[in-house]
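Subject: Structure handover

Hello,

Here is the structure I promised to pass on. Please open it alongside this email; my notes follow below.

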Amino acid sequence: MRTTQIFVRSGLTVAAAAALPLVLTAPSASAAEGISVSTRGSTVTVTTSACPDGGNAALMSNGQASFAQGRQVPLSGGSASWQNVSSGRHTVAVICEDGTTAGSQTVTVGASPTTSSTTSPARGVRGGLGGGSEDRGTITLVGGGALLALAAAGGGAWYLRRRGAQHRL
């Protein structure tokens, strides 16, 4: 009976290890890819690939809190720009034609323009050690899952053999 439980647990572990690469390669559910804002002198430009059907962008000054209060410009080819923007901090927001928000960023227009993002990366932060920052293909992930399953099976067999040897003394 005890041996059956170990085999069932090992089988579940192997199944989970085999399914892990498939889960990791599934497409992201996030629709928004974000925006990129740049400044050159008194011109502010926003670009995005998150709105394939178009949308609107708004440039909001310090006192403006909503999209409707900002200087709205329709997206043309995934970008929009504003000329003669006054110095100071401004917020740029993009809303796609389907109503989803592509993102927003705060930008400072002046002698030394800086930007700070208020959106999160579409696929999350790419942290890790060594090769953790590279994209892996499906074959590599399936191979890694197979090695993990093989290691789990080998470890289970070793455990059962050692456990049986203790009872034979």
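In which strand is Thr48 found? Thr48 belongs to strand β2. Before going further, please note that this is a predicted model.

Some more on that residue. Thr48 has a relative accessible area of 12%. The cut-off for buried is under 20%, so Thr48 counts as buried. Its side chain reaches the backbone nitrogen of Ala50, at 3.0 Å. Leaving out residues up to four places away in sequence, Thr48 touches Gly34, Ile35, Leu75, Gly78, Val94 and Ala102.

Now the whole chain. The chain has 169 residues, and 24% of them count as buried. It holds 2 helices and 8 strands. In sequence order the pattern is α-β-β-β-β-β-β-β-β-α. Take the contacts between residues at least 6 apart in sequence: 50% of them join residues at least 24 apart.

Next, the sheet around β2. Three strands form an open sheet in the order β1-β2-β5, and the pairing is antiparallel. β1 (35-40) and β5 (79-82) are the edge strands, each pairing on one side only. From one strand to the next, the twist averages 15 degrees. β1 and β2 (residues 43-48) run antiparallel and are joined by 6 bridges. For Ser38, the bridge partner in β2 is Thr45.

Then the core. In soluble globular proteins, nonpolar side chains tend to be buried together. Here, the largest nonpolar core has 19 residues. Val44, Val46, Trp82, Val92 and Val94 have the most contacts inside it. The elements that give this core two or more residues are β1, β2, β3 (55-60), β5, β6 (88-96) and β7 (101-109).

Which residues is Val44 in contact with, leaving aside its neighbours within four places in sequence? The list is Val37, Ser38, Thr39, Leu59, Ala80, Ser81, Trp82, Val85, Val92, Val107 and Val109. Two of these names, Trp82 and Val92, are also among the core residues with the most contacts.

Best wishes

How values were computed:
Residues are numbered from 1 along each chain as its sequence is written. This is a predicted model: local features need pLDDT of at least 70, side-chain atom pairs count only at pLDDT 80 or more; totals for chains, interfaces and linings use all residues. Side-chain values use heavy atoms; hydrogens and water are left out. Two strands pair if DSSP finds at least two bridges between them. Helices (H or I, at least four residues) and strands (E, at least two) are DSSP runs, numbered from the N terminus. Axes are lines fitted to C-alpha atoms, for helices over the stretch in contact, and angles run from 0 to 180 degrees between N-to-C directions. A nonpolar core is a set of buried Ala, Val, Leu, Ile, Met, Phe, Trp, Tyr and Cys residues joined through side-chain atoms within 4.5 Å. Buried means under 20% relative accessible area, exposed over 50%, partly exposed in between (1.4 Å probe, protein chains only). Contact means heavy atoms within 4.5 Å. A polar contact is a pair of N or O atoms within 3.5 Å; within protein, one must be able to donate a hydrogen and the other to accept it, and residues adjacent in sequence count only if both atoms are side-chain atoms.
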